[in-house]
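Hello,

Here is the structure I said I would pass on.

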Amino acid sequence: MRPAAQRAAVAALAMALTVTAALGAGERKRIPPGTQGVVHTVVEGNVLEEIPLRFLGVYEGAVGPGYDVYLVELEGPVADRVGVAAGMSGSPVFVDGEIVGALAYRYGLLPKRAIGGVTPIEDMLDSARAATAVPAASGGPAPIGTPLQMAGLAPAVREWLVPQLERHGFVPVAGGGRLSDTDAGPGELAPGMPVGIQLVGGDISIAATGTVTWVDGDLVYAFGHPFFGSGRVAMPMTTARVVHTVSDLAGSVKLSNVGRPVGAILEDRQAAVIGRKGAEAPMIPVDVIVRGGSYGRRSFHYEVVRHPQFVPLLVSAVTSSSLINNPGHEDAQTIVGAATVRLRGLPDLPIELANTGDGPASAALGTASRISAVLAVLYRNSFAEPEVESIRIDLGTSLDRREYEVQELLYDRGPVEPGGKIAVECVLRGWRGETSRQAFELDVPAGVAPGTELRLAVGEGVFLDRALGRPISRRVATADDLSALVRAIGALPPAHRLTAVLYRPSEVVAADGVMLEHLPPTARRLLGSQSRNSTRAATLSRRDVTLDGTVTGGRLATFRVRDGAAPESP
């Protein structure tokens, strides 16, 4: 959703809340211990269950200052079988036919009784008025787990992804895709019925499910606790259908399929997530093309939720899964390619990619991690939230390990003169021990004075960046706007490029995201006094060669320019 459209939707949401306020927002109800009530939820299909419960008391400040919960005990055969199950978050609780809150928290890892915490409905109705999301107090009750259905992910990727999702309160579950038009339709968004939040769509489906607490016109209140706790958001809201609730002493969980989007989640607050029917939450199109492997060329299409915290992780997951699913068997794999992140109002962000390893999971996860790291830097910038229009990833694979280690440098030990050349051969050792050579010829500038010390660095991008005083990180640190940051990130060296750089010791200052070489002494002193982001390596000549696999390591050499001089080893 465009920022302006999102602001308008949120404003409409806030206006609609004035209607909802009449339902009881304000002072919380006093419910005496022993009061009987019921919780409405779906355990299987779209059949609404009424589970009896008994109020135990009020647990004051349980999830933060001013945020109390009602402690309740669920009773009856359904409670005995599934307890407080993941996916029940938001299940509405009624006393004498009047809604009083949402089942949102559970207590204990292996509880003997089904004890839960109920978020008061007044707090939920007030949620959209909060200026910011309020984090839950540490050590408080645990929100009921949110099932996260993952359909189409490669097993190795799922295993890698699960621990990262569990830290955010999700209960990852294999399977659970989108319902087709011919499937039994999901239920309507009504109190007690399941609701979905789509995180990834397309060839892979990743969706979270909870329960609707209350509906007021176009507004849908759910969960009774935060989703991410991000405040204002824009995430596709879907209907859902519970396939079955798995009973487990360690924590029962609802297994669900989601329907098509019917609106958008626009608020993610301490006491509720709030959606609006008919609202839109456009996702980021992600296209992954994989060439080679066992299947020739395959194209995958995904849509990823526009959430700054999770875009890097989810794009990494769909990319690595595309790569693992393509070769067709476990074997060594080398991946070389590029990604392009298209940004509204900014230059495209290129990401060159290369990785190799034993088994496709190793290379695939390494490649995807590079994309994730670059996107994380982009989204965590201090200037503005980037508006990503699309991401295209084009990767070539080969079912062998192509890795080249820099072994030594061979060069002409004749005299090095101003205006002359330095010829170098780099000896590379392959994965199986075979050797090859790459030749470079670098120019010595005519203006270099006799006696000047020159240095030569040959190797992979990380080695070169370290040898030159880490200019990339200094460019990133001094970027003065998002456009400069994008240009600096785009200069990150790829792992499959062998580079030779001839340079000399000289202060080079980073400013506004660029390295300013060959500055007059006065300007250099002025800029240097304002920033510590400087290096002592001025580039004189540079040559690159792109290989069909990754490069590791590097070598250095030192020269002194004078008539008849011979190069000196470091």
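Helix α4 covers residues 155-166, and at 1.5 Å a residue its 12 residues should span 16 Å. The end C-alpha atoms of α4 are 16 Å apart, so the two values agree. Bear in mind that this is a predicted model.

Which residues of α4 are buried? They are Val157, Leu161, Gln164 and Leu165. Seen down the axis of α4, these buried residues fall within an arc of 95°, and therefore line one face of the helix. Pro155 and Glu159, on the other side of α4, are exposed.

Two packed helices are described by the angle between their axes and the distance between the axes. For α4 and helix α5 (residues 311-325), the axes come within 9 Å and cross at roughly 165°. Because angles over 145 degrees count as roughly antiparallel, α4 is roughly antiparallel to α5. The crossing of α4 past α5 is right-handed. On the α4 side, the contact is made by Ala156, Val157, Trp160, Leu161, Gln164 and Leu165. On the α5 side, Leu313, Ser316, Ala317, Ser320, Ser321 and Ile324 take part.

Helix α8 (residues 471-478) has Pro471, Ile472, Arg475 and Thr478 as buried residues. Seen down the axis of α8, they fall within an arc of 140°, so they line one face of the helix.

Next, backbone angles. Most residues other than glycine have a negative phi. Arg470 has a positive phi, near 55°. Arg470 sits in the loop between α7 (461-467) and α8, and is partly exposed, with a relative accessible area of 41%. Phe223, also not a glycine, has a positive phi of about 70°. Phe223 is placed in the loop between β12 (219-222) and β13 (231-246). Is Phe223 buried or exposed? At 0% relative accessibility, Phe223 counts as buried.

Finally, Phe440, which lies in strand β23 (residues 435-443). Its relative accessibility is 6%, so Phe440 counts as buried, the cut-off being under 20%. Leaving aside neighbours within four places in sequence, Phe440 is in contact with Ile422, Ala423, Val424, Cys426, Val458, Leu498, Ala500, Arg543, Asp544 and Val545.

Regards

Conventions:
Residues numbered from 1 in each chain as written. Predicted model: local features only at pLDDT ≥ 70, side-chain atom pairs only at ≥ 80, totals over all residues. Heavy atoms only, no water. Helix = DSSP H or I, 4+ residues; strand = E, 2+ residues; numbered from the N terminus. Expected span 1.5 Å × (residues − 1). Buried < 20%, exposed > 50% of the residue type's maximum accessible area, 1.4 Å probe, protein only. Arc of directions from axis to C-beta. Axes fitted to C-alpha atoms, helices over the stretch in contact; angles between N-to-C directions. Parallel < 35°, antiparallel > 145°, perpendicular 65-115°, else oblique. Left-handed = near helix turned anticlockwise from the far one by under 90°. Contact = heavy atoms within 4.5 Å.
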